[in-house]
Amino acid sequence: MERKTFHIVTYGCQMNVHESEKLAGIMRGLGYEPIEDERQADAIIFNTCCIRENAEERARGNIGALKKLKKEKKDLIIAVGGCMTQQKGGAERLKKTFPFIDIVFGTHNLEQFGELFLKRLNEKKSVLAVEEKEGAISEGTPKLRSSYPNAWVNIMYGCDNFCSYCIVPYVRGRERSRRAEDVVRECENLVAEGYKEITLLGQNVNSYRGEGGVSFADLLRKIDAIEGRFRLRFMTNHPKDLSEDVARAIAESEKICHAVHLPVQSGSDRILKLMNRRYTGGQYLEKLDMLKKIVPDCAVTSDVMVGFPTETEEDFEATLELVKRARFHGAFTFVYSPRRGTAAAAMEGQVPEEVSKQRIIRLIELQNAVNREISESYAGKTAEVLCEGYDREKSLFFGRDEYGKTICFDGGEETDIGNFCDVKIHAANGISLTGSKMRKGN
Ligand code: 5AD
Ligand code: SF4
C-alpha cells in the first residue's frame with residue numbers, strides 16, 4: 001500500500017522550527033512520511049508565528065492559496081497551529097476566513113496533535129483545540145529532526161517578561177523549565193546519535209530554573225561535561241538576567257561557543273523604559289563589558305527595533321550610537337509592529353511607517369559596515385567550520401565557525417557534512433566569507 005504523506009510549513013523562530021520537528025515525529029508515529037512537494041501531500045500542517053504582522057500575512061496568504069487544492073483533493077487535511085491560533089480570537093478568525101481548515105490547534109495543544117488528527121480522520125468534521133492555559137511539560141514527544149548536524153533542545157517554555165511590544169507571553173504562556181536531568185539525557189542521546197551541535201532553546205534561557213534550583217549556568221556545566229566532540233549554543237537571552245556565572249560557565253567550558261545573542265531592542269533609555277525592558281542603554285553596555293572581560297573573544301549578536309511608539313529622531317540616534325559602540329557580530333533589525341492586546345499597541349504616538357522605514361535603512365547600513373569590518377578581519381585566517389551542507393548554486397560547502405559566522409568553502413567532500421573542517425579564509429568579499437578546506441596536516 002502506498003504510504004500517506006505530510007508536509008509542514010513553518011514560520012517564525014527556532015522554537016517553531018523545533019516544534020515542527022515534534023509535529024513531524026507525531027505524524028511519522030501515525031504512519032505518515034514527510035514529502036517536499038505540498039501538492040502531493042495527504043496532510044499539510046502550518047506552524048504559524050504572530051510576532052509581527054508580516055509573519056501573519058505570509059501565513060494567511062499561503063493558507064488561502066490552498067483553497068483550490070482542497071477543492072480538488074477532498075481528502076486533503078489542512079491543519080493550522082502555532083502562535084497565530086493562540087491569540088485571543090485568533091482561532092475563530094482563522095476558521096472564519098478559511099472555513100476549509102480541518103484542524104486548528106494552539107501552542108498548548110501540540111503534544112495532542114496525533115489525537116486531534118485521528119479525531120478528524122474518524123469523525124470527518126473539523127477539529128478546534130486551543131487550550132487557553134499551559135499544561136504540565138510533557139516529555140517523550142517523538143521528534144523527526146531535520147537540522148543535522150545541529151539539534152534543537154528546549155530547556156524551557158513561555159515568558160514572564162511582558163516587554164510591552166511583545167505577544168509571546170500571551171501566546172506561549174508562563175515561564176516553565178524542564179527538569180535538568182531530562183535535558184541532559186536528551187543531550188547525551190543526541191551526542192551518541194552523532195549530532196555535533198546542540199542549541200538550547202528558551203525565550204529567556206537565563207531565567208531557567210530546573211527542579212531543585214538548578215540554574216542556567218549549572219545546566220550549561222552539566223551539558224558541557226557530556227563526553228564527545230560537539231558545540232553547545234543557547235538562545236535567547238535577556239540582558240537583565242545574563243549573569244557573571246553564565247559568562248564564567250562559557251569561559252571555563254570546553255564546548256560552549258563563545259557566542260551570545262543578546263537582544264538590545266533600543267539604545268534610548270526612555271524607549272527602553274516604555275518597552276518594559278528593565279535596563280538602560282548604559283547598563284546594557286556594562287553587561288557587554290562584563291561578558292567581554294570574562295570571555296574576551298565573545299561574539300555578541302542582537303535584535304534591534306525601530307519605530308516603537310513615540311520614538312523620536314533623538315531616540316533613534318541613541319540606538320545608532322549604542323549599535324556603533326557594541327560592534328555586534330550581527331544584528332536582526334525590525335520595524336515595530338503593533339500586536340493586538342499588548343501594552344504598546346494601545347500607546348499614543350505610533351510612528352508613521354515612512355519614518356520607520358527610513359530609520360531601519362540607516363540602522364542596517366550602520367550594522368552592515370560593522371559586519372564588513374568583522375568579515376575583513378577574517379581574511380587569511382583559518383577557521384574551524386562545522387560543515388552543515390552543500391550549496392548547489394554556489395557549488396560550495398557551508399557551515400559556521402564557533403562565533404556563528406557562516407563560511408562557504410571548496411575542497412570539501414560529501415562525507416564532511418557533520419565534520420569539523422579547518423578552512424583557510426580568502427579575502428572577504430563584502431560580508432560573506434569564503435575559503436578552502438585545508439588538508440589534514442597542513
Ligand atoms: N514588532 C517588531 N519586532 C518585534 N519583536 C518582538 N515583538 C515585536 C514587534 N511587536 C522582535 C524583538 C525580539 C525579536 C524576536 O523580535 O526584537 O527580540
Ligand atoms: Fe517577548 Fe520580551 Fe519575552 Fe523576549 S523577553 S519573548 S521580547 S516578552
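In the contact between helix 9 and helix 10, Phe-216, Ala-217, Leu-220 and Arg-221 of helix 9 meet Asp-245, Val-246, Arg-248, Ala-249 and Glu-252 of helix 10, where contact means heavy atoms within 4.5 Å. By class, this contact of helix 9 with helix 10 comprises 5 nonpolar, no polar and 4 charged residues; Ala, Val, Leu, Ile, Met, Phe, Trp, Tyr, Cys and Pro count as nonpolar, Asp, Glu, Lys and Arg as charged, and the others, Gly among them, as polar. The model is predicted, with local features requiring pLDDT of at least 70 and side-chain atom pairs counted only at pLDDT 80 or more, whereas totals for chains, interfaces and linings use all residues. Residues are numbered from 1 along each chain as its sequence is written, chains are lettered from A and ligands numbered from 1 in the order in which they are written, and side-chain values use heavy atoms, with hydrogens and water left out.

Helices (H or I, at least four residues) and strands (E, at least two) are DSSP runs numbered from the N terminus; axes are lines fitted to C-alpha atoms, for helices over the stretch in contact, and angles run from 0 to 180 degrees between N-to-C directions. The crossing of helix 9 with helix 10 is right-handed; a crossing is right-handed if the near helix is turned clockwise from the far one by less than a right angle, and left-handed if anticlockwise.

Helix 10 also packs against helix 12, at an angle of about 30° and with the axes 9 Å apart. Helix 10 and helix 12 are therefore roughly parallel to each other, and helix 10 passes helix 12 in a right-handed crossing. Glu-244, Ala-247, Arg-248 and Ala-251 of helix 10 make this contact with Met-290, Leu-291 and Ile-294 of helix 12. Its residues divide into 5 nonpolar, no polar and 2 charged.

Helix 12 (residues 281-294) in turn packs with helix 13 (residues 313-326) at an angle of about 5°, their axes lying 11 Å apart. This makes helix 12 roughly parallel to helix 13. On the side of helix 12 the contact involves Gly-281, Tyr-284, Leu-285, Leu-288 and Lys-292, and on that of helix 13 Leu-322, Arg-325 and Ala-326. The class division here is 5 nonpolar, 1 polar and 2 charged residues.

Backbone geometry was also examined. Most residues other than glycine have a negative phi, and most peptide bonds are trans. The peptide bond from Tyr-148 to Pro-149 is cis, with omega near 10°, and Pro-149 is placed in the loop between strand 6 (127-129) and strand 7 (150-154). Met-235 and Thr-236 are likewise joined by a cis peptide bond, with omega of about 5°; Thr-236 lies in the loop between strand 11 (231-235) and helix 10. Lys-124, although not a glycine, has a positive phi of about 60° and is found in the loop between helix 6 (113-123) and strand 6.

The shell around ligand 2 consists of Cys-159, Asn-161, Phe-162, Cys-163, Tyr-165, Cys-166, Val-168, Pro-169, Gln-203, His-238 and Arg-277, a residue being near the ligand if one of its heavy atoms lies within 4 Å of it.

Definitions and conventions. Parallel < 35°, antiparallel > 145°, perpendicular 65-115°, else oblique.
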